[in-house]
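Dear colleague,

Please find below the structure that I am handing over to you, with its sequence. My notes on what was found in it follow directly after.

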Amino acid sequence: MRTSSPGVRGGKADSKSSRTRRPCSCETEQICPNKAPGEEGDPKALQQAADEGRPHQAPSTSQLSPAPPAPAQLVQKAHELMWYVLVKDQKRMIIWFPDMVKDVIGSYKKWCRSILRRTSLILARVFGLHLRLTSLHTMEFSLVKALEPEELDRVALSNRMPMTGLLLMILSLIYVKGRGARESAVWNVLRILGLRPWKKHSTFGDVRKLITEEFVQQNYLKYQRVPHVEPPEYEFFWGSRASREITKMQIMEFLARVFKKNPQAWPSRYREALEEARALREAHPTAHCPRNSVSED
Amino acid sequence: MQGNTRRTGIMTDVHRRFLQLLMTHGVLEECDVKRLQKHCYKVHDCNATIEKLEDFINNINSVLESLYIEIKKGVTEDDGRPIYALVNLATTSISKMASDFAENELDLFRKALELIIDSDTGFASSTNILNLVDQLKGKKMRKKEAEHVLQKFVQSKWLIEKEGEFTLHGRAILEMDQYIRETYPDAVKVCNICRSLLIQGQSCETCGIRMHLPCVAKYFQSNSEPHCPHCNDYWPHEVPVFDPEKERETGMSRSNKRSLRSRQH
């Protein structure tokens, strides 16, 4: 899935001061600039570390071999962090920096930057994924595909990604309506897939729980009470994560496939999608560099 | 060099995308893996000849080796379908599940796992699992809730349910192989033929050795009088018959090995 928010990236000029302060073998405490008391790792500096892990931005490979007290253990931590991030992403859970520290980095907090750098490098080289800080405020990271062409790979296994299909149906309904979709409308659409709120489905399980709780928890949907309506009714909106990861153009392509129509059959929506696509291209001119090299760096 | 391969494993965008997608899906059957491989070639290198799957995967694994992860191939115990998953070899805990479930839910899984491994059939009854609900770590869980959690495990493909009894899904066996061997070294059962972890299978009533159903099928193929490979006593169970190229059909042994079945994809 693709993120459409501008990632936070410090310019190289800013980072010089933080880069010279690196862990040294005499175990003096690493001082992170702008560090709040008790808080390890300025997120901006961390993003720089994550960025430095990306091959086409890494200044020189010698910077990636610091002299920490226990190099082999740092490497192991980087591997653990890599797996942790991959699993969180697989489960579509938020990758939260404080969790990373609590669950993986632990007592190696002092070297979290170098660990993060190494992890990013591995993720980029082996998986073609960028570990990107998507929100400075909430300290959330996400894994972003770095390969061209970027597309939802559901095409490869279209009948094997039911969750995405289900979510996309709801998101596209909301999008086409141009406002929130009432729960009744959503169920009308899901009926086409043979899904009912009271029936357990072999793949999805409890569908109602999935869409009103799980997708909401994962920030793909928002489920809110419609104001001033009795008896109470609820409606769905796009969640913040959906807005970040799914583009309007992807929705148009999905609709086109499902209804076997040209995306321009929804002219105003298509226009919106085009505008968003243009805005995104302008915001990320260098976002996609196809890499096909056998040996890197 | 950190994170780099020490051998000449070739990592191109084809391999990277394959890894991304394999990771996204968790566990895949062989037919889907082949389709995935084809897709990755199509997207990134459509002119290249598609490498044989085994070599393709070995190539990737040589790069992953230094990261202590591996694309592992397993076989479903009940009907012999090959499955693939990306597993972490360095782990000694139920780490993959850890981020999904609460402490008491994880403990429920551990209890169910223990019952399954200790059992003779490889299955643990729902009743027996639920009776352990009071012993769980973490927040107190009621039986009703525990039933729901067990269903969550089934949906996430950690457990399989058959007639009120639970056993391990092929995925769990693949991913937790190491954990199980290390945590239950005495109770763990091993297949006499392939030497891998065994949960469900057939056993010799005389000497007690065990074999996976697909291993039995292969070993006693076209043998009208099967005998135990260890003690040579008459093998008392029905020998199942599997078509290894079956795709997405539930395991049913058929008497006709060569039944023609059209591929779905």
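Strand β4(B) and strand β6 (residues 165–168) of chain B run antiparallel and are joined by 2 bridges. Within this pairing, B:Ala124 stands opposite B:Phe166 in β6(B). Please bear in mind throughout that this is a predicted model.

The two strands belong to an open sheet of 3 strands in chain B, with the order β4-β6-β5 and antiparallel pairing. The edges are taken by β4 (124–125) and β5 (159–162) of chain B; each has a single partner strand, so one side of each is left without a neighbour in the sheet. Helix α5 (residues 103–118) of chain B packs on this sheet and touches β4, β5 and β6 of chain B. The direction of α5(B) makes about 90° with that of β6(B). Helix α7 (residues 143–155) of chain B also packs on the sheet, touching β5 and β6 of chain B, and its direction makes about 110° with that of β5(B).

The loop between α7 and β5 of chain B contains B:Lys157. Phi of B:Lys157 is near 65°, a positive value in a residue other than glycine. Most residues other than glycine have a negative phi, and most peptide bonds are trans. A:Pro231 lies in the loop between β7 (221–225) and β8 (234–238) of chain A.

Strand β3 (residues 82–88) of chain B pairs with β2(B) in the antiparallel sense over 7 bridges. As one example, B:Gly74 has B:Ile83 in β3(B) as its bridge partner.

I turn next to the helix packing in chain A. Helix α3 (residues 71–90) and helix α4 (residues 97–105) of chain A pack at an angle of about 125°, with their axes 10 Å apart. α3(A) and α4(A) are therefore oblique to each other, and α3(A) passes α4(A) in a right-handed crossing. On the α3(A) side, the contact involves A:Lys77, A:Glu80, A:Leu81, A:Tyr84 and A:Lys88, which meet A:Asp99, A:Met100, A:Asp103, A:Val104 and A:Ile105 in α4(A). These residues divide into 5 nonpolar, no polar and 5 charged.

α3(A) also packs with helix α5 (residues 112–127) of chain A, at an angle of about 60° and with the axes 8 Å apart. That angle makes α3(A) oblique to α5(A), and the crossing of the two is right-handed. The contact includes A:Leu74, A:Ala78, A:Leu81 and A:Val85 of α3(A), together with A:Ile115, A:Thr119, A:Ile122 and A:Phe127 among the residues of α5(A). The residues of this contact divide into 12 nonpolar, 3 polar and 2 charged.

A:Phe127 leads on to a contact between the chains. α5(A) and α1(B) pack at an angle of about 110°, with their axes 7 Å apart. The two helices are therefore roughly perpendicular to each other. Here A:Ala124, A:Arg125, A:Val126 and A:Phe127 in α5(A) meet B:Arg16, B:Leu19 and B:Gln20 in α1(B). The contact divides into 4 nonpolar, 1 polar and 2 charged residues.

Over all chains, the structure holds 22 salt bridges.

With kind regards

Note on methods: Residues numbered from 1 in each chain as written. Chains lettered and ligands numbered in written order. Predicted model: local features only at pLDDT ≥ 70, side-chain atom pairs only at ≥ 80, totals over all residues. Heavy atoms only, no water. Pairing = 2+ DSSP bridges. Helix = DSSP H or I, 4+ residues; strand = E, 2+ residues; numbered from the N terminus. Axes fitted to C-alpha atoms, helices over the stretch in contact; angles between N-to-C directions. Parallel < 35°, antiparallel > 145°, perpendicular 65-115°, else oblique. Left-handed = near helix turned anticlockwise from the far one by under 90°. Contact = heavy atoms within 4.5 Å. Nonpolar A, V, L, I, M, F, W, Y, C, P; charged D, E, K, R; others polar. Salt bridge = Lys/Arg side-chain N within 4 Å of Asp/Glu carboxyl O.
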